[in-house]
Amino acid sequence: MNLASYASNPNLSKGRVFAEKQSAFRNDYQRDRDRIIHSASFRRLQYKTQVFVNHEGDMFRSRLTHSIEVSQIARGLARSLNCHEDLAEAISLAHDLGHTPFGHSGQDALNDCMRDFGGFEHNLQSLRVVDKLEKKYASFAGLNLTFEAREGILKHCSLRNAKKLGIVAERFINKSQPSMEAQIVNIADEIAYSHHDLDDGYRAGILNFELLKELNLFKEIYSELSEKYLEVKGEQLINEIIRRMMNLIISDLCEQTKKNLAKLNPASPDHVRASPAIVGFSFSMQENINLIKQFSRTYLYNHPRIQRMSSEAQKTIKALFHFFTTNHDKIPKTFCENNEDSLERVVSDYIAGMTDRFANQVYASI
Ligand code: MG
């Protein structure tokens, strides 16, 4: 690995909360990644909704496949920018661990339920999973990841919560940036979901070529391809267009980030943290990205079929919260052992950890 001076370096890591002996054959960021892959929350991503709930069909993205796509994009970027690939991979694979069942509507519902008890934020929950909820080690709770992995996992955080979290959340108070690898993963996440949602939306029959041609970038590639490949249609055509869009977007990101690096010339990861955001698109490409997001909101996330799933999901989450806060003897014992949190927080952790399928089963049984 050809590491630049601004890249995170496991030998200069800010370390783990509980000191551990070095491994003889893996660097600390590899160990972080391995711990995440072996965690129970990682396995459960398989049955958690990205946009389409699991029972809508097997061909859509789940949180697991989304996380793998993010990691693939982030690793490619990290390598081309001489950043630490293992760290980028670890953050990518963990970035959605705190997501509730049923995607964003599940999270909104749980946040509503928790309004008077400190609220629910999925990024904060991802950190809570790796810091506390995973139970794999005898000497500490959580996975005891390095500071750099934890910093990257905490992508957003409210000021109120940042004040309680200490050094890992300091940047939300003093408005600084995270490491290069964390910045890479944030944008890799955006690139992944904005494109695969178009793809899933097309296969679900919600989006079509006429609608997609409202996106300039899509339209340009479409015209170019339909002149060149007269026979290519449908799924093959859309896959080729989306692939090319992603290529253009990722190339733009790399070029612009290299320009930003040349201008700011950060000498260390802490210099990166003190600089303005370094990983970013050119102005015109950022506009394209904003248009894609706006497009997905208008035609996909607000589509009656998705909205119907959302309201079902909200109903389920709220019913589960009510049931377990009034019947706390029904919460598995492992959730209550050695736990000084409020009953509501324990219930929120329990529900947030559920897969879509499990949440539906429990809902049906109550
Ligand atoms: Mg994500």
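The donors of the magnesium ion follow the spacing H-x28-H-D-x92-D along the chain. They are His 66 (NE2), His 95 (NE2), Asp 96 (OD) and Asp 189 (OD), lying 2.2 to 2.7 Å from the ion. Donors here are N, O and S atoms within 2.8 Å of the metal (3.2 Å for Na, K and Ca), and water is not among the atoms, so sites may look incomplete.

A quick word on the ground rules. This is a predicted model, where local features need pLDDT of at least 70, side-chain atom pairs count only at pLDDT 80 or more, and totals for chains, interfaces and linings use all residues. Residues are numbered from 1 along each chain as its sequence is written, and side-chain values use heavy atoms, with hydrogens and water left out.

Helices are DSSP runs of H or I, at least four residues, numbered from the N terminus. His 95 is buried, at a relative accessible area of 7%, and Asp 189 is buried too, at 6%. Buried means under 20% relative accessible area (1.4 Å probe, protein chains only).

Now for helix 15 (residues 283–301). Its 19 residues reach 26 Å from first C-alpha to last, close to the 27 Å expected at 1.5 Å a residue; the expected span is 1.5 Å times one less than the number of residues. Met 285, Asn 288, Ile 289, Ile 292, Phe 295, Ser 296 and Leu 300 are buried in this helix. Looking down the axis of helix 15, these fall within an arc of 120°, so they line one face. That arc is taken from the directions from the helix axis to the C-beta atoms.

| Space | Volume | Helices each supplying at least two lining residues |
|---|---|---|
| Largest pocket | About 750 Å³ | Helix 3 (63–80), helix 5, helix 6 (122–133), helix 10, helix 15, helix 16 |
| Largest cavity | About 30 Å³ | Helix 12, helix 15 |

On a 1 Å grid over the protein atoms alone, a cavity is a set of points where a 1.4 Å probe fits but cannot get out; a pocket is an open set with protein on both sides within 12 Å along at least five of seven lines, and lining residues have an atom within 4 Å of a point. Volume is the space filled by probe spheres set on the points, which are joined across faces, edges and corners.

The largest pocket has 33 lining residues, with Gln 50, Val 51, Arg 63, His 104 and Tyr 301 nearest its centre. Among the residues lining the largest cavity are Asn 288 and Ile 292, both also on the buried list of helix 15.

Definitions and conventions. Buried means under 20% relative accessible area, exposed over 50%, partly exposed in between (1.4 Å probe, protein chains only).
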